[in-house]
Amino acid sequence: MQKTTFTINRDLYDKADEHTPQFVAKPGLNEDIVKHISQTKNEPEWMRKKRLKSLELFQKTKMPTWGPDLSQLKFEEIIFFIDPNAKETTNWEDVPEEIKQTFDKLGIPEAEKKALAGVGAQYDSSMVYHNIEKSLKEKGVIFENMDVALKKYPDLVKKYFMTSCIPIHDHKFIMLHAAVWSGGTFIYVPKGVKVELPLQAYFRMNQQAGGQFEHTLIIVDEGAELHYIEGCSSPRYTKNSLHAGCVEIHVLENATMKYSSIENWSRNVFNLNTKRALVHKNAEMIWLNGNMGSSRTMLYP
C-alpha cells in the first residue's frame with residue numbers, strides 16, 4: 001500500500017490580526033471581572049446573580065482528574081474578557097478592516113452569499129456581524145447574538161439558558177463558562193418552520209493568552225427543521241489560551257436538528273467545550289463535530 005503524506009498549511013489560521021481592542025481585562029478571574037462583564041452588557045439582575053453563583057461554584061470545585069493533562073492551564077494567566085473595538089453590524093463593509101480581512105480569508109462573507117441563510121461572526125468576546133435572510137424573519141425565525149437575545153427575548157432566554165439542558169453546576173468548566181460567557185448565538189425556529197439553508201456562526205480568537213466563552217442556545221419548536229454550522233479558529237502564540245464554549249440545543253416534539261462544527265485551533269489552545277441536546281418525542285438530533293489543531297481537547301457531552 002502506498003503511503004501518502006499530507007502537509008496542511010496553517011498560515012490562514014495561525015497569523016494574528018493587528019487589532020487594538022476597546023478593553024482588555026487584566027489576567028485572572030475574580031468577582032470584579034464577572035461584575036464588569038455583566039455591567040458592560042447591561043444585563044438583568046437574574047443573569048448577574050447566575051454569573052456570581054457560577055463563579056462561587058467554580059472556585060469551590062476541583063479540577064477534573066480525567067481527560068487531557070491540564071497542569072499547564074493557569075487561570076491566573078488567562079484574559080477572560082476582551083472587548084474588540086467594533087460594534088455589531090449587519091453590513092460586512094462596516095466591520096473594521098483588519099477584522100473583515102480575517103473573515104474574508106476564511107471565506108465567511110462569500111459562503112453567506114452562496115449557501116447560507118444567515119451568518120454571525122464573533123471576534124474575541126463580542127459579535128461584530130450578524131445577519132439573517134428577510135424571508136426567515138418574516139416566518140418568525142430568530143437568529144441573534146446571545147447578548148442581544150437576552151435583551152430582546154428575556155423570558156425565552158431565562159426559561160432555557162443553563163436551566164434544564166446544561167445547568168450551571170454540571171462541572172467545573174461549565175461553572176467557569178456560566179460566570180464569564182460572552183457573545184454567541186441564539187436561535188428559535190417556530191413550530192412547523194423548515195429552514196432550508198443552514199445558519200452559521202464563526203468564532204475567532206485573536207488576543208494572546210485570551211479566553212473565549214461564547215454561548216449557543218437553540219430551540220427548534222415542534223415539527224420545525226434547522227441545520228446550524230459553527231466554525232472556530234485561533235492564531236498561534238507562545239502563551240496558552242482557553243476556549244470553553246457551551247452549546248445547548250432543545251429539539252421539541254417531531255422536530256429535526258442538525259448541528260455541524262469544525263474547530264481548527266492552534267496547539268496552544270485548551271479546548272474545553274460542553275455540548276448537549278434535549279431531544280423530545282419523535283424528534284431527531286444529528287451531530288457532526290470535527291476538532292483539529294489543539295492537542296488538549298475535552299468535549300463534555
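This is a predicted model: local features need pLDDT of at least 70, side-chain atom pairs count only at pLDDT 80 or more; totals for chains, interfaces and linings use all residues.
Local features need pLDDT of at least 70 and side-chain atom pairs count only at pLDDT 80 or more, whereas totals for chains, interfaces and linings use all residues. Residues are numbered from 1 along each chain as its sequence is written, and side-chain values use heavy atoms, with hydrogens and water left out.

**Exercise 1.** Determine which residues of helix α2 are buried and where they lie around its axis.

*Solution.* Helices are DSSP runs of H or I with at least four residues, and strands are runs of E with at least two, numbered from the N terminus; the protein chain has 9 helices and 16 strands. Buried means under 20% relative accessible area, exposed over 50%, and partly exposed in between, with a 1.4 Å probe and protein chains only. In α2 (residues 31-40), the buried residues are Ile33, Val34, Ile37 and Ser38. Seen down the axis, they fall within an arc of 135° (taken from the directions from the helix axis to the C-beta atoms), so they line one face of the helix. Asp32 and Gln39, on the other side of α2, are exposed. The buried residues pack against α3 (45-60) and α9 (172-180), where contact means heavy atoms within 4.5 Å.
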